[in-house]
Amino acid sequence: MAGLATIAAAAVAAATVACLLVARLPWFVADEAGIRLLRPGGGHRWFDIVLVAAGTALAIIAPVAVGLLTPVAEAPAGSQLLPALCLGVAVGAAAGATPFLLWIDLRIRRLPDRIVLPLIALTAACLIGSWAAGASGPVVDGGHRPLTAVVLGVLSGLLVLLVSVIGGRGRGLAIGLGDVKLAVVLGSLTALVGTGAVLAAFVVAQVCALCEALVRVAVLRQGMATRIAYGPHLLLGMWTGPLVYAGLR
């Protein structure tokens, strides 16, 4: 029952977030030049439908896939409906925003604060709410409690920020602040499956980013100074890392 509630809440949250982004995209992007690049012809309704459908499908598939590969831990006493709904909203909101963040970052090299910051707040609020409502134990076997997942999410963001500062060598940030903020969401959600899932997510992201960089330099001859959009790789890692980890256990 709790599993179905999580999936249903995730689907509704994803569709709601995606539709909101479609309706108010210029406000969320807050960049007229960026909007002209994203919607050169004033918008394509079919593409908006694809983005909404993709986010909703991801919200349904992700919990099911992880649930199949990682047995659900024993539920503590009491009703698990409210904690399950909170977890579903957290996963669904991230899923609904994922196609838009991927598209925006690939197109204009930005992860808008008006999307990422509310996503961080909503993720943290839902996970803390799930913990407060009774999810005091791990959601899946080997995973972390929702409250611990929030802490690991913050630590993930701080770690990416440290790597960015070190990689920049005093000349700025090697990784954009949008990516740093997105890493908080990545760490919070993947930590529900376990520390290994967090590490797997970052490994997947880094390997994919390295592959893109090699193609750009060695095949497309764009030079060593070329920059890539790191957000799509983080998003790929966020959704596939837990599956890789669960599959290797």
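View 1. A nonpolar core is a set of buried Ala, Val, Leu, Ile, Met, Phe, Trp, Tyr and Cys residues joined through side-chain atoms within 4.5 Å; buried means under 20% relative accessible area (1.4 Å probe, protein chains only). Residues up to four places away in sequence aside, Phe 100 touches Ala 18, Leu 21, Val 22, Leu 51 and Val 52 (contact: heavy atoms within 4.5 Å).

**View 2. Packing of H5 (residues 81-108) against H6 (residues 113-132).** The helices (DSSP runs of H or I, at least four residues, numbered from the N terminus) pack at about 165 degrees with axes 8 Å apart. Axes are lines fitted to C-alpha atoms over the stretch in contact, and angles run from 0 to 180 degrees between N-to-C directions. H5 and H6 are therefore roughly antiparallel (angles over 145 degrees). Among the residues that meet are Pro 83, Leu 87 and Ile 104 in H5 and Ile 115, Leu 119 and Ser 130 in H6.

View 3. Gly 178 is buried, with a relative accessible area of 15%. Leaving aside neighbours within four places in sequence, Gly 178 contacts Leu 111 and Val 116. Its C-alpha atom is 7.8 Å from that of Gly 231, 53 residues apart along the chain.

Residues are numbered from 1 along each chain as its sequence is written, and side-chain values use heavy atoms, without hydrogens and water. In this predicted model, local features need pLDDT of at least 70 and side-chain atom pairs count only at pLDDT 80 or more, while totals for chains, interfaces and linings use all residues.

Conventions: Helix = DSSP H or I, 4+ residues; strand = E, 2+ residues; numbered from the N terminus. Parallel < 35°, antiparallel > 145°, perpendicular 65-115°, else oblique. Buried < 20%, exposed > 50% of the residue type's maximum accessible area, 1.4 Å probe, protein only.
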